[in-house]
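Here are some friendly notes to read alongside the structure. Keep the 3D view open and find each piece as you go.

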Amino acid sequence: MSDSSDAINDQLERIVALGYPDVADLTANAFRALARPLLKALEKTELGTDILLVPNRELVSPESLISRTSINRRAGFTTMPARDIVSFLPLNGLEPPEGPFYLVVEPHTGTCYTNREPDAAYRLLETNSHLPLTLEEGLAIATQHPEWLEVKNGFNLLGSRSADGRVPSIWMSQSAPRLGFIWPNSRHTWLGNAFCIDRAGAALF
């Protein structure tokens with residue numbers, strides 16, 4: 001076992017405990033089995049522990065996940081209807097790797113990109129060879145590292161957009177994680193623009 005596989009196995013067990021298999025309409029063991037190819041690939045590759053396990057939306061639909069996050073026992077929430085949440089799709093070129101699970105390498109809440117309009121932040125991310133996170137990846141951060149919302153900042157997820165240009169965001173509200181959105185011409189001093197340096201699926205190792 002590598003440190004990377006240990007870290008991802010811990011994250012897998014966390015989402016199993018949070019009821020992700022029920023969302024996927026699978027038993028816990030069947031859900032774990034879907035992650036086995038990725039874990040086996042990680043046993044032979046060391047990526048460190050600053051990695052994030054992300055279930056694909058075909059496995060776990062994103063609209064059900066914010067309520068499974070929590071900070072100090074206060075459950076995450078959203079005021080958006082489910083149809084709005086599923087409308088946030090990855091931009092061209094930012095589609096996830098194939099497979100039910102994949103990894104995000106070195107996720108950040110984008111503190112260095114606060115107070116930027118989405119298009120301006122996107123250009124800065126490209127300049128620095130940073131990849132903007134998608135809705136699913138932001139939900140994975142809020143699930144695995146909810147404390148980041150307290151000690152770092154809320155964040156926009158520029159890798160996803162709706163057809164009308166809205167960008168999903170996650171921030172602290174009422175002492176709990178909240179999933180919302182910003183318009184393409186808006187910016188906030190307290191919202192970063194989350195990014196990573198790479199994505200990897202089992203077939204990419």
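Predicted model: local features only at pLDDT ≥ 70, side-chain atom pairs only at ≥ 80, totals over all residues.

1. **The three-stranded sheet.** With that in hand, look for an open sheet of 3 strands in the order S1-S6-S14, with antiparallel pairing. Its edge strands are S1 (51–55) and S14 (198–200), each of which pairs on one side only. From one strand to the next, the twist averages 25°. As background, strands of a sheet pair through backbone hydrogen bonds, either parallel or antiparallel.

2. **How the strands line up.** S1 and strand S6 (residues 101–105) run antiparallel and are joined by 5 bridges.

3. Which residues cover the two faces of S6? Phe101, Leu103 and Val105 lie on one side, Tyr102 and Val104 lie on the other, and all of them are buried.

4. Helix H4 (residues 36–43) lies across S1, S6 and S14 and runs at about 45° to S6. Helix H7 (residues 135–144) also packs on the sheet, where it touches S1, S6 and S14, and its direction makes about 120° with that of S1.

5. Pro100 sits in the loop between strand S5 (89–90) and S6. Leaving aside residues up to four places away in sequence, Pro100 touches Leu34, Val54, Pro55, Asn56 and Leu59. Pro100 and Leu34 are 66 residues apart along the chain, yet their C-alpha atoms are separated by 6.6 Å.

6. **H1 against H4.** Two packed helices are described by the angle between their axes and the distance between the axes. The axes of helix H1 (residues 3–17) and H4 come within 8 Å and cross at roughly 155°. Angles over 145 degrees count as roughly antiparallel, so H1 is roughly antiparallel to H4. H1 brings Ser4, Ser5, Ile8, Asn9 and Leu12 to the contact, while H4 brings Leu39, Leu42 and Glu43. Sorted by class, this contact has 4 nonpolar, 3 polar and 1 charged residues.

7. **Ser2, ahead of H1.** Ser2 is found in the segment before H1. With a relative accessible area of 8%, Ser2 is buried. Not counting residues up to four places away in sequence, Ser2 touches Leu42, Glu43, Thr45 and Glu46.

8. **The five-stranded sheet.** There is also an open sheet of 5 strands, in the order S4-S11-S10-S8-S12, and its pairing is mixed. Strands S4 (77–78) and S12 (191–193) stand at the edges with a single partner strand each, so one side of each has no neighbour in the sheet. S4 pairs with strand S11 (residues 176–182) in the parallel sense over 2 bridges, and Thr78 has Leu179 of S11 as its bridge partner. H7 packs on this sheet too, touching strand S8 (154–156), strand S10 (167–173) and S11, and its direction makes about 15° with that of S10.

9. **H7 itself.** How many residues of H7 are buried? The count is 10 of the 10, so H7 is largely enclosed by the rest of the structure. Among them are Glu136, Glu137 and Gln144, along with Leu139 and Ile141.

10. In soluble globular proteins, nonpolar side chains tend to be buried together. The largest nonpolar core here has 42 residues, and those with the most contacts inside it are Leu12, Phe31, Leu53, Phe101 and Ile170. The elements giving two or more residues to this core are H1, H4, S1, S6, H7 and helix H8 (148–151). A second, separate core of 11 residues includes Leu94, Ala121, Ile182 and Leu191.

Terms used. Residues numbered from 1 in each chain as written. Heavy atoms only, no water. Pairing = 2+ DSSP bridges. Helix = DSSP H or I, 4+ residues; strand = E, 2+ residues; numbered from the N terminus. Axes fitted to C-alpha atoms, helices over the stretch in contact; angles between N-to-C directions. Contact = heavy atoms within 4.5 Å. Buried < 20%, exposed > 50% of the residue type's maximum accessible area, 1.4 Å probe, protein only. Parallel < 35°, antiparallel > 145°, perpendicular 65-115°, else oblique. Nonpolar A, V, L, I, M, F, W, Y, C, P; charged D, E, K, R; others polar. Core = buried A, V, L, I, M, F, W, Y, C linked by side-chain atoms within 4.5 Å.
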